[in-house]
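User: I am learning to read protein structures, and I would like to go through one slowly with you. Could we look at one feature after another?

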Amino acid sequence: MPANTRRASAADESMPYRYDDGVDLGVTGFSFDGGEAGSPDYDDRVLPLHEYGPWEVVEIDVSVTLDPSVARVFPDDEGPPFPAEPVVVVDCEETQTRYAVSVGDDHPPVELETFETTVELERDLFRGTVRLTPRLVRTEPCASGLPYAPNEGMRVAGGGGWTVRVDDPPEDHDGFPFVYRDFSQESMPPVELAHSLSRHPEEKMMINDQHEGIVDVMQSGLTSGFRPNLKRFLKADFGVMLWVQLVLWTGTTVAETGTTEFDWQAGVVQELATHEFGDHLFDSDADYDTVERELGRRVDDPSELRDFVGDLFEAAQLYTEYGRQLERFVDREAP
Amino acid sequence: MSSTKWEFPDQESGLTDYHSIPTAEALDRDLETFVREVLQNANDQRLDNDDPARVTFDLRRLTDELPEFLGSLEWGDEMQSPSQLRWHVERATENDQARDPGLRRFLNGFDEEELLVLTIHDENTTGLVGSETDNSEPYGALVKDFGGSQKPDSSSGGSFGLGKTVLWAFSGVSTVLFNSVPHQPESDHEPPRLVGRSILPAHEHRTPERTFTNHGWFGEDDEEEIERLGRPPSLWDDDGAASDLAESLCVDRPSDRPGTSIGVVGFRVPGEDLQPDPSELSAQFRHAAVKHFWPAMVRDELEVFVRTPDGGQTQVTYDDAPGVRPFVECYDAAFADHDSELSAPGEIGATTVEVTVPAENGEVVDDPTPEYETECDLIVRRLSPTDAESLDADDDSALSRNTVARLRGAQMIVDYVDESSLGDRASDFVAVLVCGEAQAAPGTEPSDEQRALEQFLKRSEPTQHDEWKGSKNDYLKKFYSGTIVKEVAALAGDRLEAALAELVREEVESGDSVPDMDDVAPVTEGRDTNENGGGKSAIEWDERPETEFDGRRWTFSGEGGPRDDDHGEWTVALELVRLDSDESTSDAIPVDSVTPQTAGVGFSTDGDGVELDVPADTDTVAFEGESEPVVGEGVSVSEAFELGLITQAKLRVSAEVSTGGGE
Amino acid sequence: MSEISVLSEAGRDLVVEDDAFPSDPEADPPREELERHVQTLEVASDVELDLARLHEAVERALGVFDTGRQEQRTSLDSALAPVFHQCLDVPTRVASHIGFWQYLALFEFSHLIDARWGGRDGIDVEEKYLGTQKDLYSNHVARLWWGAELTFDGDDYLATHRLFERQRLVNYVLDSSFRRYRPAAIAFAETLWTEQSSTIDAVASRFNDSLSTIQLETRSRTEVRNQLEKIREHVG
């Protein structure tokens, strides 16, 4: 493909019959073992159960509301009430568990209104995340046929779900995983190396688990005090080291091959192109392609590289707010 | 009908002992201390039964009733005499050697139209037992001697016996009334018994050779008894006199149960406004009561009520100091089995803190206890979001994260120790350190070790009972021989920290991930490919590509062209696919035909899809097309769904535009 | 409260880094080193592991089936899967922990895995000991247990037996997403256990596609079965 080609894509997904998105799943609250109640995160539609505990059973109070727009998926002569049933699908990938909870007990047929029920989850049967998804499902065949869903058992309407977090989401799904390494193990870098990046495909920051003091700091979940303050600063410090390495790695790949090799490298270029991180290194309005080209050029040319590394350290420090974190640390911990 | 009077004993002038204010020590106390000490007295004097001690705070602003109150109090009229209180108060303010500015201020501000009286009723308590002269009983101790304390057992909240002086410090006129139903009545009297006491600076007698001392008593005007005791005796209810008087003095008993009603006349908080806001005071009573006495409340040993100005009364609950809730959770579970690890928020774990109780000094104590090596129980709760909310909802900085509440058998929190400097792989927590007789499960007898530790810690408490103090504590050192300072200090210091660390510390091994590091370098998700055609997509759609099922085939259409007019040849590839159960793409649906609506556009089939080839001079193209039939011969529509032939489908469009004179 | 042993991620790394095991058929798992990476996990519910009975069953089965022959290997799986499920009485929360299966594979049943998978070309034996959190068919112990868990019906393991009789069938079910709905997994095994691989593939593909409109979780086992039979007829 010639370099001067621009690509674009578009897509359209469609159901083969009338389908409506007017089913709303609401969570009004949840409580554990008939006692302590928790509060849902309404912004992200998440129930952070992992922040509570220990518990054996959680009861989640849900409501399913059928919007008037849902009427359009049924022919005029079918209702209201309509021959369908609202359900909440419970799905947990990790424990291979998937089932539907019928909402309310006197359905079908249904009016377009709000139904309430309680979804009970036994902790022993779930791990990780559980998805709750509302659906409206036909309970009889449709005499009119298309464009209406013709068979019973077909979903004719749905809506956004909620995520139930039974356990802490695994850290390394969100970022470059930072892991403790025992450097005394073979195939590990020498002890002198306090941190490093391993090669493709998973970039890792390594902290020696023998450094008890550092481990204490990094493991501290406290919100105030010496260690949490130091931890905030160390995170900025590690951030600088890591970003410098990631950018240089990406730059050398671009210099060698003309483009990025891995998704994360494209991500690094994207980060540089869209965040203030890149403004210190490139034109602030440089687009992705420009940043990629420039990055390759500055890393490729030894005379440019010297300046670039200096600029890069500055940019990474600004980006991670290194100075502010250090200032805060000194401010709070000075004797 | 018996009459009452005030009597201040007098002494020869010049004896300087009386030129001091006995309540001076209590003058810097805040309302919290007041509530603590009042409740502690009631809690200590709880009767030995299954019912809780009940304490009611009743704050009244007297206006219409004030003349009757003052009359009953023998406050005094224009025709003043030393048998009336006002006479003494006015003279006491003139003592230059023992100034009590609060007293002066009260007198200046008091217009006899309004007066605040706080009455504290305790019920199911021992009451003021004892004859007029028996100083070993509570009554005698109260009326006679401020230096001693009479409380039922060794776990009681007081060691120095000055607790009650706090009452007078909170009276603008330094006068407190007591109306009590003792649980063991005096044989020849009908309860309740009523007595008042005032503590004022010494003041001048009518004759200059004599001086009135600090202490004044209010009681029955019985010359014979006054002669015998040097003060009036308490007024009993033998002819209903005490009950009637108590009612007009706001200290009438709320029930027949034993206990005492204490009236603080002219209630004020030392150093604050003379006219405090009753509703604000009420909130402070509630908060302080819960903050310090939730252990007794948990064990159903104490209940506290606050009476509102409208006559209603409400019980104090944990909601009045929400910050105690996580501690209550800990303590509630104190006698259950626990893990030695806290892996999840809201989990409770337990460990112990070692302590050596030194041997008692045989020269001071009869039957001294030997040295005991024992331990306190430490219950720790890792905070859940609900806990954090509770702590945040409380303005009191003592009730915060990473704090240890300490208590002994008195079931009162001695103090809250800040352990936020502890950070060994820890998450936010709260803890309760249970010591001494509190370590005995409800319904069981404390062990000898627990009793000894109880006594040791109790003796280490200063007057306010708000810490355990080993250093510079001569009182404590008098009772023991051995290591004292270090043992007391360890319960707040290194040993406590070590025990906490053991419980909240998480083991980390090679390969474990470092928490909360995602924001340091998030995995960036690769490049945004403008899937939705928004932003700076190379193609601008006049009509976005769409697909629709017509009952037999999938149809599709769209119209658009390169955003940038300076372009070379361009192509649009179209593809239809089925979606499966996970809404991910499955097999292709072959395109049967496509019709470019624009002249000069060629097309070629590309597998199951189709590609439109557009010359450089064409800026937009419109297209329409359809798939091959998805429903085969002899298959009904209904069946075609069951067979997975008619499914959700996706139209995929990808365009490539050569730029910069690509011809 | 119960406790189970699980292999940590570092232990997994150790196996990956080990040069001899399992590529050298003579090598045993490096158990001594691995001991350091075994963690104890507390589980809220009662967990019962009857390892004695399980070992006995494995020994007996290895004596009966000739693991040198493909059809006997699948029969071995078919015979053992219900026993593993019965003897390892754990809730799904525990079973979803890959370290639990890795521990069992390396410390308890390495001889079974060696006999079942070892020494054959094109087989990645290491994944039969390790596997990953996401897939159910790699770790051999997990595969046996989960295959039974998804297809047993009360005390009835008929569908489990049928599922394991055809390797293609068990692979397909354990790799599908409809497996999470147990009535579908059972119906699938019941309907297709005698079919050729190509039929299994074709039916599974059509069935999966149909689930873009059909709400699977509201369908009974019989309904799913009827649908699968229709599809089989159609693709046949």
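User: Where in chain B does Glu190(B) lie?

Analyst: In this predicted model, Glu190(B) sits in the loop that runs between strand E5 (175-181) and strand E6 (193-199) of chain B.

User: Is Glu190(B) buried, partly exposed or exposed?

Analyst: Buried means under 20% relative accessible area and exposed means over 50%, with partly exposed in between. Glu190(B) has 46% relative accessibility, and therefore counts as partly exposed.

User: Which patch on the surface does Glu190(B) belong to?

Analyst: Asp and Glu count as negative. Here Glu190(B) is one of the residues that gather in a patch of negative charge on the surface, and among the others are Asp188(B), Asp238(B), Asp239(B) and Glu247(B).

User: Where is Ala336(B) found, and how does its accessibility read?

Analyst: Ala336(B) is in the loop between helix H10 (325-332) and strand E14 (348-357) of chain B. Because its relative accessibility is 43%, Ala336(B) counts as partly exposed.

User: How far is Ala336(B) from Thr165(B), in sequence and in space?

Analyst: The two residues are 171 residues apart in sequence, and their C-alpha atoms are 40 Å apart in space.

User: What can be said about chain A as a whole?

Analyst: Chain A has seven helices and 13 strands, and of its 335 residues 53% are buried. Among the contacts in chain A between residues at least 6 apart in sequence, 67% join residues at least 24 apart.

Key. Residues are numbered from 1 along each chain as its sequence is written. Chains are lettered from A and ligands numbered from 1 in the order in which they are written. This is a predicted model: local features need pLDDT of at least 70, side-chain atom pairs count only at pLDDT 80 or more; totals for chains, interfaces and linings use all residues. Side-chain values use heavy atoms; hydrogens and water are left out. Patches are made of residues with over 30% relative accessible area and no salt bridge: like charges are joined within 9 Å, nonpolar side chains (Val, Leu, Ile, Met, Phe, Trp, Tyr) within 5 Å. Accessible areas come from the Shrake-Rupley method with a 1.4 Å probe; for residues, only the protein chains shown count as cover. A salt bridge is a side-chain nitrogen of Lys or Arg within 4 Å of a carboxyl oxygen of Asp or Glu. The place of a charge is taken as NZ of Lys, CZ of Arg, CG of Asp or CD of Glu. Helices (H or I, at least four residues) and strands (E, at least two) are DSSP runs, numbered from the N terminus. Buried means under 20% relative accessible area, exposed over 50%, partly exposed in between (1.4 Å probe, protein chains only). Contact means heavy atoms within 4.5 Å.
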